[in-house]
Every structure is written in structure tokens, then in C-alpha cells.
Amino acid sequence: MSDGTDTPMKPLDRLRKVHIKTYGCQMNVYDSERMVETLTPLGFEVSADVEGADLVILNTCHIREKASDKVYSELGRLREAQALKAQSGGRMMLAVAGCVAQAEGAEILRRAPYVDMVFGPQTYHRLPAMVAEADKNLGKGQVDTDFPVEDKYDVLPEERLPAGISAFLTIQEGCDKFCTFCVVPYTRGSEQSRAATAILKEARQMVAMGVREITLLGQNVNAYHGEGPDGREWGLARLIRALAEIDGLARIRYTTSHPRDMDDDLIAAHGDVPALMPFLHLPVQSGSDRILAAMNRKHKVDVFRRVVDRLRDVRPDIAFSSDFIVGFPGESDAEFAETLKLVTDVGFAANFSFKYSPRPGTPAADMGNAVPDAVMTERLIMLQQLLDAQQEAFNRSCIGRTMPVLMEKSARDPGQLVGRSPYLQPVHIFADASLIGHIVNCDIQDLKAYSLFGSLVSGDSMPSSSQPFSSQSGKSQTGQSPPVDPKERACA
Ligand code: 5AD
Ligand code: SF4
């Protein structure tokens, strides 16, 4: 297959419609945006609905259980839409992309022969060539799940489409850590960092189009080690410092990190780069050293605690979120209790907790010693109760404070805008739409569900400070928990 650069273009009689359904992590969100960018020159426009679409892409996630089953049932539904369109003389191409596509490959065509294209996270830059091929060959499904020699970023269109106020930017992909429960090293491949020059260029372009906040993405983002413009290897901290120099870029975040890769320079950056938001997602998975070893996490609980303490030393207002797995094979009651203790001691912000689910092909799936589902459920409920209480306490602690809020869009209520605090909490205020894209200081007055409600600080109509509020308590606080949509979680 070609690399997509020599794609024969179909002459256009009308704009064709593409509908993309994105599952899983932020990186899939980014990939879906990039797929649209490859299709735009071919005359595609995005459609919010399946009905009427000429191409439907499922960008799938394989991280936890039943991922493939969900894809097959979604395909079953799409088959009906496809048949309906065919009845009226039209054609709806179906594509499966992402990590399920990578893992299942040709099996998808065997079980769903009406699918036109199956391609993985490392081959979607070839989408134009695949569409051209599908245009010629009705009913001949294509599978492209290579880990190609060419770098997709060299082939993807340079021009980014407008991405709103807050946007994702993938800087690193894949993982070499091989945690025993995780499919990522198999579906996303080995760890690859993009060159810093390309990232800086993309970031500048995004800012020129109105982006004020960039979240740097990678399955192991703090293992970033790309080539810098000086020809040397840059770590994540070096890259963040360079990004912070971009005029107009107010906020920088990164996700998802591994505790082992929180090096001295990165910890220092949290203390001296004001644009770096004081909210870090740092998955720990378990509070038991024995379980961490069985998971091949390559760090002990104390390493995690030390990283948290050091970050709080340099940035006292920092808050943390994390990922936890309950019921890893062989996890005892006492080992689970160690996880509860860690959560109580550290005090997390937003959190994500999951029941262990065996992923085919991963070492943990063959470990035996399964924890009964009823026990997993019990543990999950216990852990989530603790985490929810911490989240609620953190959100409540924001009432009465002044927070810098990046205004993102109009809220559903007329006259109201919604933005994000440094901790990613949605903040609603009554304000003029001209403030969208600005950071404004807000007095926080109320909390409803996961959203904060407040008002513009008087006389502060157009500030652009990126400093978070400073009255946040430091190290000893527990229960920091800004809400993040669980659907927006990356791996690590
Ligand atoms: N079972 C349960 N949770 C998992 N995660 C990854 N793999 C599994 C699995 N097999 C969770 C981890 C990871 C998050 C993205 O998903 O907590 O950090
Ligand atoms: Fe890599 Fe994270 Fe998966 Fe571990 S959990 S293998 S660090 S992506």
C-alpha cells in the first residue's frame, strides 16, 4: 500500500459526508481530528449524524473489557443504515480504526464482511488512499494494521483545522513499559517521540487559530525524548519550557504520565513554568508493592508518594488525579486495604477506578488466581466512595475562592459562559461572549453536581493571567478532585 501521498483524487461533484464516532482516550480524539484533516482535501465534510453519511469511521478503544463486542454490535447497527442507504442508490462506506482495529485486524472483515476499511492508529494517514481504493472496489475490504516505516506525521496535512479554545496535541505514542494488564504496547506499538520542531510548529499553528490551552498527549507522555531543534534529545520539561514561550498560549497540560518518568527537570518545571497547570494525572494503579511488582509497574508505592511530595513542595497548589485497578489477579483484602490507605494519605483530585479485566495476549490474563467478580465489585464501590468524597470536598473547597477561568464557550443557559478552572472543573458565569478565549478571574459561589458557578470579579473584565489562584491549601489537603469526563481518559 502507498503512504497516502500519491493518492489519486476523485473528481468532486458534491461534498461527501464523514461521520466519526470516537471511543476511549484523548489520543483517539486527536487522531479523529487528524483523520478529518486527511479527508478534507478529498471533499469530505464532517457530519454529526450517521444518516446520510458517505463514510462512517469507528475510532475504537481496546483498553478494557468487551471493547471488541461493543464494536461488533455497533457494526451490526451500522449495517442497517448502510443497507438503507443502498436501497436509495447511495453508498455508505464503513471503517474501523483505532486499537480494536489494530488488535482484531482481518478478523473484523471475517465477522463483518460489509466493512470497507480496517486500519490502526499508525496507518490512518493512508486513509485517502484507502478511500480511493474503496471507491473503485465496492465490497472488497481493506486491512492496514502495519507499523509502517514512514512516520504518519510526515504525511498528515500540515494545516490543522480550527480546534477550539482547548486542544490536544500528540507528542509521543506507544509504550515500552509492558505493564502486565495492559494492551497498549501491543496496539499502539513501541514508544515513539515526535521531533520538538514539528510539535512547536503545530502548537504555533494551533495558537494562531485561537487555541489558548494545549494538552500534550502520549501514552507515556513524560517519557518524551524527541529530537530538539539543537539536534539534542529533549525531555518533556525542555519541550514544555519552549512551548511556554509561544505568545498567546496561556495553559499547558500533559497526560498521561508514569510515576517513574517524573524526572527532576519536569518536577522543577511545575514550580517555575506558570503556564503549566497545577493539576496532574499520575496513575498509580495500586497501593500495594506486591501488586505493583506483579503488574510490572517498575516502581514501588514510596516512589509515587515521593513524587507527589516533591511536586507539592515546588507547587503547593497542585492537585492530583490517578487511575486504580481493583481485583488484579491475586489481590488480597489486605493489599486492597493498602490502596485505600494510599488514597486516604495522598488525597487525590479526579480519579478513575476500574475492575481488572483480562486482556487477551497480556501476561496478567494467564496468571490465574482471579479475584471473584463480586469481590471486585465490593472493592470498586468502597474505593469509589472514598474517591467521590475527596472529589466533593475539593470542589466544595473552591467555594469562596477566586479562580482564573479560561472561558471556552456559551453555556446552555442564555447569557452564561462556561470555562475551565486550572483543575479542569467546568465553571459557569454570566458574562459577555467576547470573553471566550480569555482567562478571567471568577469568584466561585456555588457547586452543582460537578460544576462550579460564580461571577466575574468586578473590574476584571479582560485579564489574561494564567496564574492559578493561590489560596489553595498545600500538602496536607485531601480530597482534591476536579471532575473530568471519564470518557476523556488516556492510557498509562
Ligand atoms: N483492566 C482494568 N483496567 C485497565 N486499565 C488498563 N488496562 C486495564 C485492564 N486490563 C486502566 C489503567 C490505566 C487506565 C487507562 O485504564 O488504570 O491507567
Ligand atoms: Fe504503558 Fe501505561 Fe499500559 Fe503500563 S499502563 S503498559 S505504562 S500504557
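**Briefing: loops, strands and cores**

Asn296 is located in the loop that runs between helix 11 (289–294) and helix 12 (301–314). Helices (H or I, at least four residues) and strands (E, at least two) are DSSP runs, numbered from the N terminus. This is a predicted model, in which local features need pLDDT of at least 70 and side-chain atom pairs count only at pLDDT 80 or more, while totals for chains, interfaces and linings use all residues. Residues are numbered from 1 along each chain as its sequence is written, chains are lettered from A and ligands numbered from 1 in the order in which they are written, and side-chain values use heavy atoms, with hydrogens and water left out.

**Backbone exceptions**

- Asn296 is not a glycine, yet its phi is positive, at about 60°.
- Its relative accessibility is 27%, so Asn296 counts as partly exposed. Buried means under 20% relative accessible area, exposed over 50%, and partly exposed in between (1.4 Å probe, protein chains only).
- Asn369 also has a positive phi, near 60°, and is a residue other than glycine.
- Asn369 belongs to the loop between strand 16 and helix 14. With 61% relative accessibility, Asn369 counts as exposed.
- The peptide bond joining Thr255 and Thr256 is cis, with omega about 5°. Thr256 sits in the loop between strand 13 (251–255) and helix 10 (264–272).
- Most residues other than glycine have a negative phi, and most peptide bonds are trans.

**Strands 15 and 16**

- Strand 15 (residues 319–326) pairs with strand 16 in the parallel sense, over 5 bridges. Two strands pair if DSSP finds at least two bridges between them.
- Asp323 has Phe352, in strand 16, as its bridge partner.
- Strand 16 (residues 351–355) has 4 of its 5 residues buried, so the rest of the structure largely encloses it.

**Aromatic pairs**

- Rings of Phe, Tyr and Trp (its six-membered ring) pair if their centres lie within 6.5 Å; planes under 30 degrees apart count as stacked, over 60 as edge-to-face and the rest as tilted. By this rule there are 6 aromatic pairs.
- Phe324 and Phe348 make an edge-to-face pair, 5.4 Å centre to centre with 80° between the planes.
- This pair links distant parts of the chain, 24 residues apart: Phe324 is in strand 15, and Phe348 is in the loop between helix 13 and strand 16.
- Phe324 is buried, at a relative accessible area of 0%. Phe348 is buried too, with a relative accessible area of 0%.
- The ring centres of Phe328 and Tyr356 are 5.4 Å apart and the planes are at 70°, so this pair is edge-to-face.
- Phe328 is in the loop between strand 15 and helix 13, and Tyr356 is in the loop between strand 16 and helix 14 (373–397), so the pair ties together parts 28 residues apart in sequence.
- Phe328 is buried, with a relative accessible area of 0%. Tyr356 counts as buried at 9% relative accessibility.
- Phe279, Phe394 and Tyr423 form a cluster linked by ring pairs.

**Charges over rings**

- A charge sits over a ring if NZ of Lys or CZ of Arg is within 6 Å of the ring centre and within 35 degrees of the ring normal.
- Arg111 lies over the face of Tyr72, 3.7 Å from the ring centre.
- Lys448 has its charged end over the ring of Phe453, at 4.9 Å from the centre.

**Nonpolar cores**

- A nonpolar core is a set of buried Ala, Val, Leu, Ile, Met, Phe, Trp, Tyr and Cys residues joined through side-chain atoms within 4.5 Å.
- The largest core holds 68 residues, and Leu216 and Tyr254 have the most contacts inside it.
- Another core, of 26 residues, lies apart from it and includes Phe44, Met117, Val131 and Phe168.
- In helix 5 (residues 127–136), 7 of the 10 residues are buried, so this helix is mostly covered. Val131 is one of those buried residues.

**A buried serine**

- Ser32 is part of helix 1 (residues 26–39). Ser32 is buried, with a relative accessible area of 6%.
- Ser32 is in contact (heavy atoms within 4.5 Å) with Ile20, Thr22 and Asn59, leaving aside neighbours within four places in sequence.
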